[in-house]
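Colleague: I would like to go through this model a few residues at a time. Please give the cut-offs as they come up.

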Amino acid sequence: MLIIGHLDKFNQLAATYDTPRNIEMAKRSAEAIRELMDRTQTSKAIDFGCGTGLVGLELIDEFDSLVFMDASAKMIEEVESKLADLNVEKASTLCLNIEEEDILPIKADTIIISLVLHHITDTKNLLSQFYDALNLNGQLLIVEMQKQEINAHHHGHGIDSTDLENELEAIGFQQIQIDRFYDAEKENEGQEASRYALSARKI
């Protein structure tokens with residue numbers, strides 16, 4: 001399900017991932033997620049594809065418990081180091097390659113997934129697993145890059161928000177909300193893709 005080669009790349013990036021730019025964008029992503037959160041669904045959460053935990057750590061106070069989950073062992077090591085430094089007791093980690101397990105072993109009220117879907121080849125399968133893993137009335141919160149045409153021969157990274165909305169509805173998600181919180185052309189002269197936060201519910 002993960003694009004071949006990405007796992008090795010993320011293991012290599014783990015120790016140097018927390019650049020000032022990535023930290024800044026994680027804070028903005030977390031704030032966009034916070035605006036869409038249903039605070040009646042905060043008992044147990046999963047940060048899927050958590051990386052070094054930048055987004056999840058910004059949101060940890062919103063939940064009673066939070067599982068940081070990633071396929072990269074090196075990324076999980078970075079999260080564990082941060083949790084130890086901060087003496088956080090209500091969080092745990094799980095190194096899980098969803099390709100091998102093919103099912104999320106944890107049920108949750110909220111699942112967060114930030115900048116992960118565009119690395120996935122079979123998004124329908126993964127989103128269906130999220131639906132199954134959510135408790136009734138649970139919430140899926142996604143941050144993703146808006147897909148843009150770079151030129152006629154090369155497509156930019158990202159996922160079109162309308163396409164994602166349609167895919168989620170086909171799986172059974174409802175009450176979908178989208179907040180386009182970062183406009184790359186206005187803020188960064190088009191050097192990055194614009195980003196959006198999306199909320200979808202299992203009703």
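Colleague: Which class does E62 fall in: buried, partly exposed or exposed?

Modeller: This is a predicted model, in which local features need pLDDT of at least 70, side-chain atom pairs count only at pLDDT 80 or more, and totals for chains, interfaces and linings use all residues. Residues are numbered from 1 along each chain as its sequence is written, and side-chain values use heavy atoms, with hydrogens and water left out. Buried means under 20% relative accessible area, exposed means over 50%, and partly exposed is in between (1.4 Å probe, protein chains only). The relative accessibility of E62 is 22%, so E62 counts as partly exposed.

Colleague: Which residue does the side chain of E62 meet in a salt bridge?

Modeller: A salt bridge is a side-chain nitrogen of Lys or Arg within 4 Å of a carboxyl oxygen of Asp or Glu. Helices (H or I, at least four residues) and strands (E, at least two) are DSSP runs, numbered from the N terminus. The side chains of E62 and R34 meet at 2.8 Å, N to O. The pair links distant parts of the chain, 28 residues apart: E62 is in the loop between α3 (54-59) and β2 (65-70), and its partner in helix α2 is R34.

Colleague: What is the N to O distance in the salt bridge of R34 and E31?

Modeller: R34 and E31 are 3 residues apart in helix α2, which means they are separated by about one helical turn. An α-helix has 3.6 residues a turn, so residues three or four places apart point the same way. The side chains of R34 and E31 meet in a salt bridge, with N to O at 2.9 Å.

Colleague: Is R34 buried or exposed?

Modeller: E31, its salt-bridge partner, has a relative accessible area of 36% and is partly exposed. R34 has a relative accessible area of 18%, so R34 is buried.

Colleague: How exposed is E100, as relative accessibility?

Modeller: Areas come from the Shrake-Rupley method with a 1.4 Å probe, only the protein chains shown counting as cover for residues, and E100 counts as exposed at 64%.

Colleague: What is the relative accessible area of Q41?

Modeller: Q41 is found in the loop between α2 (20-36) and β1 (44-48). Contact means heavy atoms within 4.5 Å; beyond four places in sequence, the contacts of Q41 include F63, D109, T110 and R201. Q41 is buried, because its relative accessible area is 10%.

Colleague: And what is the relative accessible area of T110?

Modeller: T110 is in strand β4. Not counting residues up to four places away in sequence, T110 touches Q41, K44, A45, I46, F63, L134, Q139 and L141. T110 is buried, with a relative accessible area of 1%.

Colleague: Which elements do the buried residues of α6 pack against?

Modeller: In helix α6 (residues 123-133), the buried residues are T123, L126, L127, Q129, F130, Y131 and A133. They pack against β1, α5, β4 (108-114), β5 (134-145) and α7 (161-171).

Colleague: What is phi of N87 near?

Modeller: Most residues other than glycine have a negative phi, and most peptide bonds are trans. N87 is in the loop between α4 (73-86) and β3 (91-95), and it is exposed at 58%. Its phi is positive, near 55°.
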